[in-house]
Each structure stands twice: as C-alpha cells, then as structure tokens.
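Here is a short briefing on one protein model.

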Amino acid sequence: MSMADSLFKKDTVFLLEDDKEYSAEEILQNIGKRLSKRGYVKESFGNALIEREKKYPTGLKTYPYAVAIPHTDLGHVNIPCISFVRLKKGVDFHEMVNTSSVVNVQFLFCIALDGEDKQTDILQYIMKIINDEMLMGKLKNASNEKEIYQLLIQIYSIFPMFKKIEEDCSNDGK
C-alpha cells in the first residue's frame with residue numbers, strides 16, 4: 001500500500017455541491033464532523049482546525065484555482081488521513097502568505113496526521129497537485145467522490161519523487 005493509498009481514503013473525499021454559501025468555520029466544522037463520524041479524528045478536530053486557521057491561515061492564491069490546506073496541531077487524530085473537499089461555491093480563507101488578504105477557495109486538502117515527521121512530504125505532494133493546471137482541472141471536472149479518489153491515487157503514481165517518500169515511510173517502520 002502506498003502512502004497515498006494509506007492517507008487518501010474513499011470516505012474522506014467530499015463534494016459540497018449545494019448552493020449554500022459557507023463560512024470557512026462552517027466548512028472546517030463540517031470536515032471535522034465527517035471525519036470524526038468515520039473515526040479518523042477526535043471530536044475536537046473541527047474546533048482545532050478553526051483555532052489553528054485563526055493563528056496560521058492556510059489559503060493559497062494558486063492558479064488556476066485557489067486552495068486551502070487546513071491542519072491541526074497534534075493530538076486530534078486517531079487515524080492519519082487527507083480529506084479532499086470540493087465546493088460548488090467558494091469560501092473565503094485568509095491567505096497564508098499575506099494574512100490580511102482573503103482568497104476564495106473551491107478546494108481544500110485537510111491534513112490529519114498524528115505526527116509532524118511526514119507533514120513536509122505531504123505538503124510537497126499537495127503543492128505538486130495544486131500547481132498543475134491539468135490535474136486541478138481534472139479534480140474540478142470529476143463527477144463524483146470515487147472519481148476524485150481514483151485521480152488522487154493516480155496522481156501519486158505519476159510523480160517519481162513520491163516513490164522516495166514512500167520508501168522513507170516504509171523504512172521508518174523497520
């Protein structure tokens with residue numbers, strides 16, 4: 001099982017395709033509740049996402065689509081995973097680089113790790129995806145959660161740099 005298979009799960013991909021306009025806090029609570037219900041995180045996860053986002057915003061003004069990469073401090077995760085969320089209507093997040101600026105995001109990669117040791121590797125993987133216009137277009141146009149999950153796993157396999165990350169993860173357990 002690759003690192004992508006073990007972190008991206010079919011039931012952690014969410015499409016919010018309704019016409020409701022959400023706040024960033026509502027989205028983060030929504031993710032927290034969904035992941036908690038599935039056993040991946042503790043009930044404290046949603047509030048921890050909100051508190052960390054207030055201190056360290058995660059919105060990125062990337063082209064062609066702005067994204068957010070929310071995550072929490074340690075202690076709120078039961079089973080490590082990455083949740084991918086696509087919104088029909090964007091939601092405003094404060095920008096990571098210029099915290100006084102707001103960016104409207106349609107995609108979130110919510111990282112739930114139980115240790116900080118692989119966070120840099122995961123962020124590199126996510127940055128590779130969000131900086132690729134073709135890949136983001138495929139995620140934007142995917143028709144359902146299953147299709148998005150399959151795309152995320154396929155994307156992992158096309159980047160050679162992630163084979164090294166996977167080997168490093170495997171060697172950590174020896």
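Phe-109 contacts (heavy atoms within 4.5 Å) a set of residues beyond four places in sequence: Phe-8, Ala-68, Ile-69, Pro-70, Ile-82, Ser-83, Phe-84, Ile-126, Ile-129, Ile-130, Leu-139 and Leu-152. The model is predicted: local features need pLDDT of at least 70, side-chain atom pairs count only at pLDDT 80 or more, and totals for chains, interfaces and linings use all residues. Residues are numbered from 1 along each chain as its sequence is written, and side-chain values use heavy atoms, without hydrogens and water.

**Nonpolar cores**
- A nonpolar core is a set of buried (under 20% relative accessible area, 1.4 Å probe, protein chains only) Ala, Val, Leu, Ile, Met, Phe, Trp, Tyr and Cys residues joined through side-chain atoms within 4.5 Å.
- The largest one holds 30 residues, and Phe-109, Leu-139 and Leu-152 have the most contacts inside it.
- Strands E1 (8-16), E4 (81-94) and E5 (102-112) each give it two or more residues, as do helices H4 (119-130), H5 (133-141) and H6 (145-158).
- H6 supplies the largest share, seven residues.
- A second, separate core has 26 residues, among them Phe-14, Ile-27, Phe-45 and Cys-110.

**Glu-53**
- Glu-53 lies in helix H3 (residues 45-55).
- Leaving aside neighbours within four places in sequence, Glu-53 contacts Leu-28, Thr-58, Gly-59, Pro-70, Phe-93 and His-94.

**Thr-62**
- Thr-62 sits in the loop between strand E2 (59-60) and strand E3 (67-68).
- Thr-62 counts as buried because its relative accessibility is 14%.
- Its side chain reaches the backbone oxygen of Tyr-65 at 2.6 Å.

How values were computed
Helix = DSSP H or I, 4+ residues; strand = E, 2+ residues; numbered from the N terminus. Buried < 20%, exposed > 50% of the residue type's maximum accessible area, 1.4 Å probe, protein only. Polar contact = N/O pair within 3.5 Å; in protein donor to acceptor, adjacent residues only side chain to side chain.
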